[in-house]
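Student: May we examine the model together, beginning with the ligand and then turning to the packing of helices?

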Amino acid sequence: MACFTLYNPVKLHFGKGALDKLGKEAGEYGKKALLILGKGSVKANGSYHEAVSKLKEGSVEVFEYSGIKSNPIIEDIEKAAELGRKKKVNMVIGLGGGSVIDSAKIIALAISNPESPWDIVTGKVRPKSALPVICILTLAATGTEMNPYAVVQNTKLKKKVGYGHKLMYPKISFLDPTFTLSVPKNYTAYGIVDLIAHSLEAYFGKGEASLSDRFTLAIIKEAIKNGPELLENLNNYELREKIMYAATCALNGITFVGKESPDWGVHDIGHTLSVLYDIPHGASLSIAYPAWLKLQSQRIPEKIIELGYNVFATSKVDDTIYKLEYFFKMLGSPIKLSQAGINLDEKAKEQLFKTMAKNKVSGVAHTLSEEDYRFLIEEML
Ligand code: NZQ
Ligand code: ZN
């Protein structure tokens, strides 16, 4: 096992009525909040109304920035930070899915630091401080509610980057699975894929930590047991609750305690697919994971067999990959680019290859070569 420091300062309120404590607890961080929203789902499902009225009860004045797109872009972060600075807010509250929460985290940094947020997330400058972030999650998928990461894209540069900094841990996260009841079938499926993908990135990460692997396999099993049932019963609170908690655990650090790092190679591939084709994050992963596993089948067969044995009751590499691929397909998530409506001719394949090469797409434990990119592209078509 690698040496480790365990640190996760997020206070998480989970369950029905979790938002009851919002006004009082937000009020402890000041009297003015910048509320970050997506494109409207929170107004339709009641979470916006409830959050704003609780903030009012806590005498917190709210300024809004709405319109964050799925796969968020740096321009929105710059504009929202400008509003936050102008209104002299004391905190940033994200209400929505991962795209909104990730944006809120970077906005909280951007308000407190004069440098451009793109320079911060690409590591050119180190932020010194950040406003407190409060998260109200409405979609189970990313784990952003309990981690210090955020992902943002720069469409002009064709780059989607992940950034981590301890200043971006939310101070408090409110998770009421009721708010996820309105998530449509496709995004519910993408969320299940994403949480399995986070678990696999840890499982195939650098270093060995058997207890962490056992936690990880348990999270995958939880998703495989409850995911398909949930897709047949989107209004089932208990199933929403199980998937929401599984998604939080899949990326709150517990799965890679004692490892040097998760791999992140498949996410790196997925981010390139997102920035080129604006494909939903989970869908990019259900396409990339089977291809990546096929690439690794001769390189790390024992690790793949251990996964198959524990999760799919098989002791064969090919069967494990087939069963994972079949599971994603059964959820209704694409396993090929063509199933996501992306049909690449030779020129488009070359563009994808060049973008992967330019962005140096790779994993920490399993580095990827240009020859590997060619293999992956053919497998993903
Ligand atoms: O924009 P609105 O109207 O809010 O609609 C959203 C969006 O269209 C909708 N939605 C959210 N909650 C809903 C709902 N619709 C109905 N009812 C609700 N309760 O769902 C759509 C997708 O939302 P989005 O936030 O984009 O999805 P997700 O939570 O999957 O977040 C994806 C983003 O997170 C990043 C991804 O790269 C991507 O940019 N990730 C962040 C990570 C992190 N911070 O740790 C790790 C992940 O690996 C991931 O990379
Ligand atoms: Zn992810």
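Tutor: An oxygen atom of ligand 1 lies 3.0 Å from a polar backbone atom of G40. The model is a predicted one.

Student: How far is a backbone N or O atom of F179 from a nitrogen atom of ligand 1?

Tutor: Here the ligand contributes a nitrogen atom, and F179 contributes a backbone N or O atom.

Student: Which residues come nearest to ligand 1?

Tutor: Around ligand 1 there are 33 residues. Those that come nearest are S70, G98, S99, K160 and H198.

Student: Is α8 parallel or oblique to α12?

Tutor: Helix α8 (residues 210-232) and helix α12 (residues 301-312) have axes 10 Å apart and pack at an angle of about 50°. Angles under 35 degrees count as roughly parallel, and 65 to 115 as roughly perpendicular. The angle therefore makes α8, relative to α12, oblique.

Student: How many nonpolar residues does the contact of α11 with α15 have?

Tutor: The axes of helix α11 (residues 281-296) and helix α15 (residues 370-380) cross at roughly 130° and come within 9 Å. From α11 the contact draws on I287, A288, A291, W292, K294 and L295, and from α15 on D372, F375, L376, E379 and M380. By class, this contact has 3 charged residues and no polar ones, while the nonpolar residues number 8.

Methods: Residues numbered from 1 in each chain as written. Chains lettered and ligands numbered in written order. Predicted model: local features only at pLDDT ≥ 70, side-chain atom pairs only at ≥ 80, totals over all residues. Heavy atoms only, no water. Axes fitted to C-alpha atoms, helices over the stretch in contact; angles between N-to-C directions. Helix = DSSP H or I, 4+ residues; strand = E, 2+ residues; numbered from the N terminus. Parallel < 35°, antiparallel > 145°, perpendicular 65-115°, else oblique. Near = heavy atom within 4 Å. Polar contact = N/O pair within 3.5 Å; in protein donor to acceptor, adjacent residues only side chain to side chain. Contact = heavy atoms within 4.5 Å. Nonpolar A, V, L, I, M, F, W, Y, C, P; charged D, E, K, R; others polar.
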